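Here's a quick, friendly tour for anyone meeting this structure for the very first time. Have a look at the model, then read on.

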Amino acid sequence: MPKQKTHSSTKKRFWLTGSGKVNRSHSGKNHKAETKNRKRKRRLRQGALVASTQESTVKSMMPYKK
């Protein structure tokens, strides 16, 4: 059985924490920044955890697993 290939967009968009959870970036910070207030843009910079229901799906597409 051949190895499963890494999903290219998944390795760019997600990363693992030290405990093995999956992090993601927030959306909505790439354009129209002048209409968003400073507090909102600052919150969008922070990462967020992937929902537990989607975590196994994302991990199966990543190149490494913990």
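Let's start inside: Val22 is buried, because its relative accessible area is 0% (buried means under 20%, exposed over 50%, and partly exposed in between, with a 1.4 Å probe and protein chains only). This is a predicted model, where local features need pLDDT of at least 70 and side-chain atom pairs count only at pLDDT 80 or more, while totals for chains, interfaces and linings use all residues. Residues are numbered from 1 along each chain as its sequence is written, and side-chain values use heavy atoms, with hydrogens and water left out.

**Around Val22**

- Val22 sits in strand β2, residues 22-24 (helices, H or I of at least four residues, and strands, E of at least two, are DSSP runs numbered from the N terminus).
- Ala48 is 26 residues from Val22 along the chain, and 8.6 Å separates their C-alpha atoms.

**A loop residue with a positive phi**

- Lys32 belongs to the loop between β2 and α2.
- Its phi is near 60°, which is a positive value in a residue other than glycine.
- With a relative accessible area of 54%, Lys32 is exposed.

- Arg38, Lys39, Arg40, Lys41, Arg42, Arg43 and Arg45 form a positive surface patch (patch residues have over 30% relative accessible area and no salt bridge; like charges are joined within 9 Å, and nonpolar side chains, namely Val, Leu, Ile, Met, Phe, Trp and Tyr, within 5 Å).
- As for the charges, Lys and Arg count as positive and Asp and Glu as negative, with His and the chain ends not counted.
- One of the patch members, Arg43, is part of helix α2, which covers residues 38-45.
- Arg43 counts as partly exposed because its relative accessibility is 48%.

- Helix α3 covers residues 52-61, and Glu55, Val58 and Lys59 are buried in it.
- Looking down the axis of α3, those buried residues fall within an arc of 100°, so they line one face of the helix (the arc is that of the directions from the helix axis to the C-beta atoms).
- Over on the other side of α3, Thr53 and Ser56 are exposed.

**The salt bridge**

- How many salt bridges does the structure hold? There is one (a side-chain nitrogen of Lys or Arg within 4 Å of a carboxyl oxygen of Asp or Glu).
- The side chains of Lys59 and Glu55 meet in a salt bridge, at 3.7 Å from N to O.
- Both Lys59 and Glu55 are in helix α3, four residues apart, or about one turn of the helix.
- An α-helix has 3.6 residues a turn, so residues three or four places apart point the same way.
- Lys59 and Glu55 are both buried.

Methods:
Areas by Shrake-Rupley, 256 points an atom, 1.4 Å probe, with all protein chains shown as cover. Charge placed at Lys NZ, Arg CZ, Asp CG, Glu CD.
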